[in-house]
Amino acid sequence: MENIKSEEKKDLKLFISKFSEKIIPFTGLIIISLILTIASPYFLTVDNLLAIGVQTTVIALMGIGVTFVIITAGIDLSVGSILGLSGIVATLTMANGLNMYLAILLGLITGLVAGFINGFITAKGKIHAFIATLGMMGIARGISLLLTGGIPVYQLPPEYDFLGAGRLFGIIPVPLVILTVVAVLAHIVLSKTKIGRYTYAIGSNKDATLLSGINVDKYTMIIYSISGLMAGLAGVVQSSRLITGQPTAGTGYEMDAIASAVIGGTSLLGGEGSIIGTIIGALIIGVLRNGANLLNISEFVQRIVIGVIIIVAVIYDRKRREKSFSQE
């Protein structure tokens, strides 16, 4: 009887511990929002909240793709450059007369192919993802500059701005609709499908996953392709919002994408993470940036703050995992 009570107490403590870990990012978002509400009366207005949502969309889309990769204990440093290349391919082909929808499709395919190459080099070439995606970061950026000569692409059809700046029913920003649909689909894939189960399995124990007969190389390529596709979609949305193709678009965005996943609870050690957490992580970054702008805080300071948050999140994750292993 005492053993049963002891086990029940242990299960309850474990449940409370897991629940606390999941709500930490959300609690952080609420606290930051409360502070900014007090500091700036404009922060909590509908227009400002919608602006935060739209500005967060691009980072959140990339963060969703990167979440899949990080859960496998991998990394993708190329998403910012893939964003730029996908935007250039879509806008350049559009400016040269290609049908707008086909141009958008080409932009998405560009991201998908770049992500697949990352996965292929990592899985079949047995090269660490850090090196493979670092190489892709330079290649994608170089192709963008080569295709445009470093000059932005203009003369796009006016209706192209619907994806990045349009409003559904005249109220809801289209980028938020895109992000919501993509986030729901990604959550279903990660939590309900074979791809999601194998993503967690690879990150938890790659050797055991291999021994259980799962084709790790195949799923690694699929996962990096998802990351590339999400970066491609972010590139199309970004170029639509700006109504121009910028060859340097997305520079440094890989840090924000990785940060949104890590701040949202995705472990750099692999095996843990969620799409909901990444969306909250992206919102934290978006709210911090918006609040800093409202309070006239330098962008340099914003970068320092986000860098510190990433380091704190990683240290917390490592300590938590060490504690968990010691309890086992």
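Start inside the protein: the largest cavity has a volume of about 50 Å³. A cavity here is a set of points, on a 1 Å grid over the protein atoms alone, where a 1.4 Å probe fits but cannot get out, and its volume is the space filled by probe spheres set on the points.

Before you click on, note that this is a predicted model, where local features need pLDDT of at least 70 and side-chain atom pairs count only at pLDDT 80 or more, while totals for chains, interfaces and linings use all residues. Residues are numbered from 1 along each chain, and side-chain values use heavy atoms, with hydrogens and water left out.

**Stop 1: the lining.** Select the residues with an atom within 4 Å of a cavity point; among them are L83, G84, G235 and Q238. Helix 3 and helix 10 (216-242) each supply at least two lining residues. Helices are DSSP runs (H or I, at least four residues), numbered from the N terminus.

**Stop 2: helix 3.** Now select residues 79-95. Next comes G97, which follows helix 3 and has a positive phi, near 105°.

**Stop 3: T110.** Which helix holds T110? Look in helix 4 (residues 100-123). T110 counts as buried because its relative accessibility is 17%. Leaving out residues up to four places away in sequence, T110 touches L85, S86 and V89, with contact meaning heavy atoms within 4.5 Å.

Definitions and conventions
Expected span 1.5 Å × (residues − 1). Buried < 20%, exposed > 50% of the residue type's maximum accessible area, 1.4 Å probe, protein only. 1 Å grid on protein atoms, 1.4 Å probe; cavity = no way out; pocket = protein on both sides within 12 Å on 5 of 7 lines; lining within 4 Å.
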